[in-house]
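Here is a friendly briefing to read alongside the model. Please keep the sequence and the 3D view open as you go through the points.

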Amino acid sequence: MQSPREILADIWTQAGGDAAALDAITLSGEEPQLPSSFRVAAAAQAAIAATGLAAAQIWQLRSGQSQDVTVDMRHAVVECRSERYLRADGKGPPPAWDAIAGIYKTRDARFVRLHTNFPHHRAAVCMVLNCRPERDEVQTALLQWDAEAFETAAYVAGGVVAMMRSHDEWSALPQAKALTELPLVSIEKIGNAAPKPWPKGDRPLAGLRVLDLSRVIAGPVAGRTLAAHGADVLLISGPDLPAIPWLAIDTGRGKLTSFVELKSEQGRSVLRDLLASADIFSQGYRPRALAALGFSPEDAAKINPGIVYVSLSAYGHAGPWAGRRGFDSLVQTATGFNHAEGLAAGMEGPKELPAQMLDHATGYLMAFGAMMAKARQAREGGSWHVRVSLARTGRWLWNLGRVADGITTEDLKGDAIRPFVQEVPSGFGPLWSVSHSAVLSKTPAFWARPAMPLGSHPPQWPARP
């Protein structure tokens, strides 16, 4: 079984990193940290360490100065559950899930998971089931359905659900086989452009402009990570787009946030203007959704030659499920994690991972890919497309191996978490939030801007240093 350092080395070198750079990093801490049969702590540490190492390498490119990077495993695990530990003005998180979200039994004695936190997803499920959004009614209706038939019907109707599969069942599907052909982080050149010089600045990503078109966890974590190293991150949302407020607060640290209505030509014009002077365009919309509005990777490369375009998907950009909607909890269910954790815990049904690890790890891998692509752009020019997916991250996590007796590990309590929590101001009152776990010796990571309510800023870039 690979050590966390070996896991990091694979991520780093497969993305084109120089193996000699790994000498700068120190990884501390021991597995397992959390109650899981999977190596969630090692995955958290390696994914975050990759971002820290990339930031350090960019700083060396910009300044000529090398620096050390350290990542503590417990701190990394806590950061990958940051939404749990957030406190806004002394208040803890509201219920994480909609009233009818979760696990249900079906007629064929299988299980399905519903994700209904967004109103239109809840409405789609209730339309298919012809019932009201009440748990008892949903369960009664699902007992008239076989699991896979419901999964298919709900998806066609615009819902987001998943049938629980074993890993062997998942591995037999064409989508799982398609994932085996994809790298963990895909970095591809999609156009020609001159190298862009680094702007002035005293932090690794200072002066770099990042358009963040993402919601929930993975994509927003990527933007938050880039902001932690000095990038100007502008989160673009819309007043009518559904959001999960608590997550928006946690991942909004360090960002500017604007409303732009992309359904209108005026809004698309605003986004085109922003894109024309951006360095990184990071988005988590379904495949083809932005292309229909004129913001495909190829469109972006025409608007702004030299752009780094980052795409997040649920199930990967190849295979029959490439266009399927999904969230961390659903991908865990569909790909075998819930089944395996349930078995490890001696349960009849599904059990979740003890963190939204596919989301968080994928978010850090997005940020890592964006930085690696930006470094290549500055060195050799070109426009670049970075692609990651929750399911491909899941395949990576699965292949790291299992932790013997890890499922019986005691969960982290308050005293273990407290060293990693800091108080910062925000537009929501004082925030108690998890600090960044990648510690750089010369350019410490921090968020220079407070989390603010969505739409708090005009859709324009701040002046470069």
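Axes here are lines fitted to C-alpha atoms, for helices over the stretch in contact, and angles run from 0 to 180 degrees between N-to-C directions. Helices (H or I, at least four residues) and strands (E, at least two) are DSSP runs, numbered from the N terminus. This is a predicted model, in which local features need pLDDT of at least 70 and side-chain atom pairs count only at pLDDT 80 or more, while totals for chains, interfaces and linings use all residues. Residues are numbered from 1 along each chain as its sequence is written, and side-chain values use heavy atoms, with hydrogens and water left out.

**Helix H2 against helix H16**

- Two packed helices are described by the angle between their axes and the distance between the axes.
- For H2 and helix H16 (residues 357-380), the packing angle is about 20° and the axes are 9 Å apart.
- H2 and H16 are therefore roughly parallel to each other; angles under 35 degrees count as roughly parallel, over 145 as roughly antiparallel, 65 to 115 as roughly perpendicular and the rest as oblique.
- H2 and H16 cross in a left-handed way, meaning that the near helix is turned anticlockwise from the far one by less than a right angle (clockwise would be right-handed).
- Contact means heavy atoms within 4.5 Å. On the H2 side the contact residues include Val 40, Ala 44, Ile 48, Thr 51, Ile 58 and Leu 61, and on the H16 side they include Met 357, Tyr 364, Phe 368, Met 371 and Ala 375.
- The residues of this contact of H2 with H16 comprise 17 nonpolar, one polar and no charged. Ala, Val, Leu, Ile, Met, Phe, Trp, Tyr, Cys and Pro count as nonpolar, Asp, Glu, Lys and Arg as charged, and the others, Gly among them, as polar.

**Helix H16 against helix H17**

- H16 also packs with helix H17 (residues 390-399): their axes come within 9 Å and cross at roughly 100°, so H16 and H17 are roughly perpendicular to each other.
- Met 357, Leu 358, Asp 359, Ala 361, Thr 362 and Leu 365 of H16 touch Leu 390, Thr 393, Gly 394, Trp 396 and Leu 397 of H17. Seven of the residues in this contact of H16 with H17 are nonpolar, three polar and one charged.
- Thr 393, in helix H17, is buried at 1% relative accessibility; buried means under 20% relative accessible area, exposed over 50%, partly exposed in between (1.4 Å probe, protein chains only).
- Beyond its neighbours within four places in sequence, Thr 393 contacts Leu 184, Leu 358, Ala 361, Thr 362 and Leu 365.

**The three-stranded sheet**

- Three strands form an open sheet in the order E4-E5-E6, paired antiparallel. Its edge strands are E4 and strand E6 (161-163), each pairing on one side only; two strands pair if DSSP finds at least two bridges between them.
- From one strand to the next, the twist averages 25°.
- E4 and E5 are joined by four bridges, and Tyr 104 stands opposite Val 112 in E5.

**Backbone points to inspect**

- Most residues other than glycine have a negative phi, and most peptide bonds are trans.
- The peptide bond from Glu 31 to Pro 32 is cis, with omega near 10°. Pro 32 sits in the loop between strand E1 (25-28) and helix H2 (40-63).
- Ala 109 has a positive phi near 65°. This residue is in the loop between strand E4 (102-105) and strand E5 (111-114), and is exposed at a relative accessible area of 66%.
- Asn 130 has a positive phi of about 55°. Asn 130 lies in the loop between helix H5 (119-129) and helix H6 (135-142), and counts as exposed at 72% relative accessibility.
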